[in-house]
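Dear colleague,

Please find below the structure that I promised to hand over. My notes on it follow, and I would be glad if you read them alongside the model.

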Amino acid sequence: MQLPRGVAFFAGATCLLGLAVAGFGAEHNDPNAINSIFGDVAANPADLYDLYGFPADDTTGGEKVVIALTFAALPATGSFDPDLLYRILISPGPRVSPPMKDDAGLEAILKYFDAIKDRYFGIKPAEVRVTVGADSRAKMEFLRFPGGSFTATVGLNTSETVDAAGGHKIKVFVGGRDDAFFNDLPGFFRSINYAPQFYYVPLAMKNARELPIPKTLIELEGNTLFNFDPANPDHGYTVKKPLPPGPWTWNGTRYKKDEKGNYRFVYSGKDNRAGANVNAVILELPLAFLTKSPGEDRIVNAWGESWVRIASGKIPAIPNNPAGTGTWANYPWLLPGAILILGIIFFILGLRRSRSGDASGAPGRVSRPLIALAIVLLLGAVVAGVVARLRSQQLADLVPTAADQELQEYKIVDTDGQPFADAALNEREDQKQVGANNFALGPSFVRRLAHLGWGFGPSISALGLRTSFNHDNSPISVHKVYETAQLLDAFKRVKKTLFQELNMPDETWNKNHKPIPLKRSFEIFVPNVCAIDMDTTGTWPFGRRLEDQVATRFLALFLDMGPDENGRRYNLETLSDQAVWDAAPIEPKTPPNPLRNDKPFLTEFPYLAEPW
């Protein structure tokens, strides 16, 4: 049944605002507690870098999926901290398509979330759990797979094949590799004015992280804190400076131009991770091992987690109890229950007045204010109930059960699903490391995308490109932060960015030629999983292949993917097209990020290149 537009909008707005008020607490440099970008934080092996997932090209013996979780190469490349535990969680399921094609509103997003939420409520995904002992051998626990659970022990830095029930062969690798993330990270941090990349900033100095300067893809005139300095070209790459005294603001009115009238790009196109290594857990698993219905379960959802042994005393900034403290944190159903009781009480009081009448004997009337208050409270109870259900599932995900004695000895530190979900959208906050079930973070994503849009949108327009963000034709990037009460305004600004179909550069991604709809932004980041589509090549956002330049594709979300007056459309690879930058009034004329890795990837398992 189609909801009336006003009712759907009100219901959706109520749910989003409710989630925003009750919000609780993937890639390089996250979360903040173990983020070595801060001057007083050491690098940590719990820092997850990336999660890759794609269908194996070789289908000999059946379909297989490749999943690789990478993290900081500490204590050394190929050596592992015995106090760390790594998890790769896997949940296959059928493809869930958005129930609309042309609808772009709150009702549509609610329909989509309703279609997928049951997949994450109450599920217990299968997982591969990895620890490394003092003997430098990796213990790999394969838990809750259809064929049962089992344990294998493998050597480090070598590919091995593990035999599983049903005659399945699983390829595994635990060890050091070349970092497959090729990216101009300093360019990204320059675009968001992130001071710890360029200056010595301690972790406790929270007001000196993203400085209150407009985000931008092109330099702002007079932004001396972050603009490229020819006299110190390594600033932000290999050189950090003392943070100058504030105020750390910008009061300019235009973008910087050179004598030829060209803008200056905040990106260099250089690979900041060239020559760097990671440690990794890499798997190649038969699809028939993951699910009893490989013909129907065409999506393999995967995400990664790092946990540290509590008794080690390491990473004290992360609480031992990830659920937090307080009555609401641990008993989320109390609030909706209390609101429901109040709503019923006021509803009864409103009806009783209709029967009592007044002293003269005149018939009573319904107390409209009391009934209205009751209706508001009952709606609030529904919203609080949704939030409580989300919180209950998060508690189940983050707090080990009594039966899981091994995991009870650890606390969760970092999670990884989608690239740039953390650095770009979560702002690397420790309390937002909640794994796949990040539905409650949806409203903050809307506000964050709108905040980024006010920076990236005008700079995209200045380059002569079309943007999906509604910035009212602003001639300059704007620093605007949306508070919870401004969620609906943020949604209106970022609506097209959220709902437009993300065009692919060609049809090669759809290798099985299935009727698979194009992705939309809101589908990608909620839930926070790498959703590997087995009927595709697994290129992002239908998974994530090693060769995907995901950082540039993320920026492409802010392009207007609709047709121009000549019917031409942008796609996710538009900003990696050299011709775009050759025609743009900008220097240097380069795509924002490198187009390929520093080392060629392998064509066979373990796929990531040998370490340096």
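Which residues does Asn510 touch, not counting residues up to four places away in sequence? They are Ile516 and Asp535, where contact means heavy atoms within 4.5 Å. Asn510 is found in the loop between α10 (487-499) and α11 (521-525), and because its relative accessibility is 7%, Asn510 counts as buried (buried means under 20% relative accessible area, exposed over 50%, and partly exposed in between, with a 1.4 Å probe and protein chains only).

Before going further, please note that this is a predicted model, in which local features need pLDDT of at least 70 and side-chain atom pairs count only at pLDDT 80 or more, while totals for chains, interfaces and linings use all residues. Residues are numbered from 1 along each chain as its sequence is written, and side-chain values use heavy atoms, with hydrogens and water left out.

As for the overall picture, the protein has 13 helices and 18 strands, which are DSSP runs numbered from the N terminus (helices H or I, at least four residues; strands E, at least two). Buried residues make up 56% of its 612 residues.

On the sheets, five strands form an open antiparallel sheet in the order β1-β2-β14-β10-β9, two strands being paired if DSSP finds at least two bridges between them. Because β1 (48-55) and β9 (160-163) stand at the edges with a single partner strand each, one side of each is left without a neighbour in the sheet. The partner of β1 is the antiparallel strand β2 (residues 64-71), joined to it by seven bridges, and Tyr52 stands opposite Ala68 in β2.

Elsewhere, strand β15 (residues 299-309) pairs with β17 in the antiparallel sense over four bridges, with Ala302 opposite Cys530.

Leaving aside neighbours within four places in sequence, Trp581 is in contact with residues including Phe265, Leu463, Ile586 and Pro592.
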